[in-house]
Structure formats: C-alpha cells, structure tokens
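Q: I am new to this structure and would like to learn how to read it. Please take one feature at a time.

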Amino acid sequence: MKKQIFKLGALLLVGALALSACTKEGPMGLAGKDGKDGKDGRDGVDGTAGCITCHDNSQVNFAITAQWERSLHATGGLFVRNTNACAGCHTSQGFREIIQTGQPNTAATINNPVPPNCYTCHNVHTTYTQADWALSTTANITFRLFPDRNHDFGKGNLCATCHQPRLPSPMPTLGGPDINITSATWGPHYGTSAAIASGKGGFEFGTGYTNSAHVNMIGQSCVACHITTASGVDGGGHMMNLGYTTSTGAAAVITTSCTTCHSDVAALNTLITSKKNEIAALKTQLGDRLVQIGMLNPTTQRIVPGTWSSAQAGAFINYMLVKNDKGAATHNFPYAKKLLENSLAAIQ
C-alpha cells in the first residue's frame, strides 16, 4: 500500500515539473515593427479619456436632461411632422440639415424622426471636449416672410432660425392687388417670436414703428433670457419657459434675467401684466374686426378662404403674428402694439 502511494506521489511530481517546464517563459524575442502613426491626435488614446470633460460628477448634465425632458421641445410631439416642408424645424435631423444647406425645407421626408434634443442645438460628440457644447449655428437669420430683411440675435439666432413665421402662399404685398386664398390654414406659421422680437417681421402699414430696448440691449436675445437659472423642473434652464405654474397652482414668472435692468421685481411684474393686458385688448379688437368683415372664423381662429385685399390679408398676418407670440408684450411691446393699431386703421 505504501509502495503504491509512493508511486502516485512520484507521478504527480513528474506531472507538475512537466507543466512547469511548458509554461516557463523563454528569452525575449526581437522587437516588432512600429505601428502606424495616429490621426488627428486621437488614435491610440484611451477611448474614454475625453469623456470626463463633460461627464463628470457635478450632475450638471443630469439637471439639464431633466429640464429638457419636461420642455415642449421634448413633449410637444410635433416631431411626427417629418415631411420635407415641416421636418426642418419639427425634427432634430431636419434642423441639422437645413442649417447646413441654408434651405427652408429638407430634401425629403425624415425617416425615424426625433424631437429637438442636445444634438440639435450643440455639436455633441464631435471633439469630445467642452467645444462640443458650442451651438450648431449662430448665423444671422433672414426672415422667411420678408427675405429682404435680416437680423442678428447673437446666440439667439439658433432659436430664431425656427421661431419665425413661415411664408404663406400667396403672399400679399403692401398696396398690392387682391389675393385669392383657397386654404383655411393660410397665414404665418405658429412660431412667430422672432418676427416681433426683432421689430422687423411684421406687415408694416403706415408709420410710427419703434422698438423696445430689449431689441438692442440684450446681446444674446432668446438665449440670454430664456436659458436662465432654472426653478427646479418647472421653468427656466433647458425648459426655456419663463412663465409656469407653481406646485400650489399659482402663476409665476422667472425674472432672474430681467433684474439687471429691472431691480424692483414687484414693479416689473406689474409692468408685465399691464403690457400683456394692453396687447390682449388690441388683439381682441383686431380679431373682432376680422370676424366682422367675414375673414376670420371665430371658432377655429383660421382664415375664411376667399378673395381679400392686400390690406385685409396683411392685417390678418399681423393678427396671427401677435396672437402666436405669447411673449409679444415683453419681447417688443412698442412694435407689437403699433402692428395691431395700424392694422386696425388699415381695414376700418
């Protein structure tokens, strides 16, 4: 028995020595050839080395994402309007296309459309540095309604590219002939803020047009005011809305960006309310007049197809410009007021 155990132990020892001999490293071989040089200074670097530049532990990205997810950009659902006439502003892919081509429409329907997001407005994951937060466009805009007019909103050019009315067809001319309108959807499209905020985008009857100090004093325009300190996920920040409803149901306005000039917040809120009421009253008067002449359907708030004078068509355009800019009274109160007053005078 002992002899058998001894033999077994000897076999195990021989096996271990054999394995040891097989795995022992030999002398180092000749060096291999050098690899190819990297390109653009990035090849050969750890693929995650640049991520920490933006994806740190400050939770800023998370906060921005949470705000965006509550915004109308994310929740509005209009990205399903992906045909070539709509996709340029309603889809992220379409917007990136039109700022590259300079065309108002995309070349074709956008497949698999997505709503405006980080990649729409920023050059995300291009250099993998902070430079990726640069805006995708800041080029001056030319108004679609009036191609002979342009404006520089600074960083706000990004927003104004789409937040301006679309050109209706046929388009009336000041003092021109009557036009025949066949569609109940005729008129400027809904995103009209840039037309009012610039003081250049209305159908300008008569004289007396002036602008708010906001037009020239706020260098980055839309961006300076709307992407301000957020109130949680209720307003401001990347939600971009300044008016919101609090958890108690009260109406509130974020005035953080306003207090540089308007130090008395209570007085500012009173002023905002006053100007909104004045614009609302004039808008109602113009709307009532358009209904009276049979041009505006009071139920649908759309035009009644027919043949209308250039003055009537222009007045309808101005009515829709102010109606569809919820911030008209604060964006550019003097200009919005004069558009309404002169439109009323033109069709009396």
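Q: Is Cys89 buried, partly exposed or exposed?
A: The class follows from relative accessible area: buried is under 20%, exposed is over 50%, and partly exposed lies in between, with a 1.4 Å probe and protein chains only. Cys89 has a relative accessible area of 24%, so Cys89 is partly exposed. Cys162, at 18%, counts as buried. This is a predicted model, in which local features need pLDDT of at least 70 and side-chain atom pairs count only at pLDDT 80 or more, while totals for chains, interfaces and linings use all residues. Residues are numbered from 1 along each chain as its sequence is written, and side-chain values use heavy atoms, with hydrogens and water left out.

Q: Which residue does a disulfide join to Cys89?
A: A disulfide is a pair of cysteine sulfur atoms within 2.5 Å. Here Cys89 is joined to Cys162, with 2.0 Å from S to S. The pair links distant parts of the chain, 73 residues apart: Cys89 is in helix α4 (residues 87-90), and Cys162 is in the loop between α7 (157-160) and β3 (179-181). Helices (H or I, at least four residues) and strands (E, at least two) are DSSP runs, numbered from the N terminus. The link of Cys89 and Cys162 is left-handed, with -95° about the S-S bond. The structure holds one disulfide.

Q: What is the largest nonpolar core made of?
A: In soluble globular proteins, nonpolar side chains tend to be buried together. A nonpolar core is a set of buried Ala, Val, Leu, Ile, Met, Phe, Trp, Tyr and Cys residues joined through side-chain atoms within 4.5 Å. The largest one here has 34 residues, and Trp186, Leu286, Leu290 and Phe316 have the most contacts inside it. Two or more residues come from each of β3, α8 (193-198), α11 (265-292), α12 (310-323) and α13 (328-346). Another core, of six residues, lies apart from it and includes Ile141 and Ala160.

Q: How many residues of α12 are buried?
A: Of its 14 residues, 11 are buried, so α12 is largely enclosed by the rest of the structure. Among them are Ala313, Phe316 and Leu321.

Q: At what angle do α11 and α12 pack?
A: Axes are lines fitted to C-alpha atoms, for helices over the stretch in contact, and angles run from 0 to 180 degrees between N-to-C directions. The angle between α11 and α12 is about 145°, and their axes are 10 Å apart. Contact means heavy atoms within 4.5 Å. Ile279, Lys283, Leu286, Gly287 and Leu290 of α11 make the contact with Gln312, Ala315, Phe316, Tyr319, Val322 and Lys323 of α12.

Q: Where is His122, and which residues is it in contact with?
A: His122 is in the loop between α6 (118-121) and β1 (141-142). With a relative accessible area of 16%, His122 is buried. Leaving aside neighbours within four places in sequence, His122 is in contact with residues including Arg96, Asp132, Trp133 and His238.
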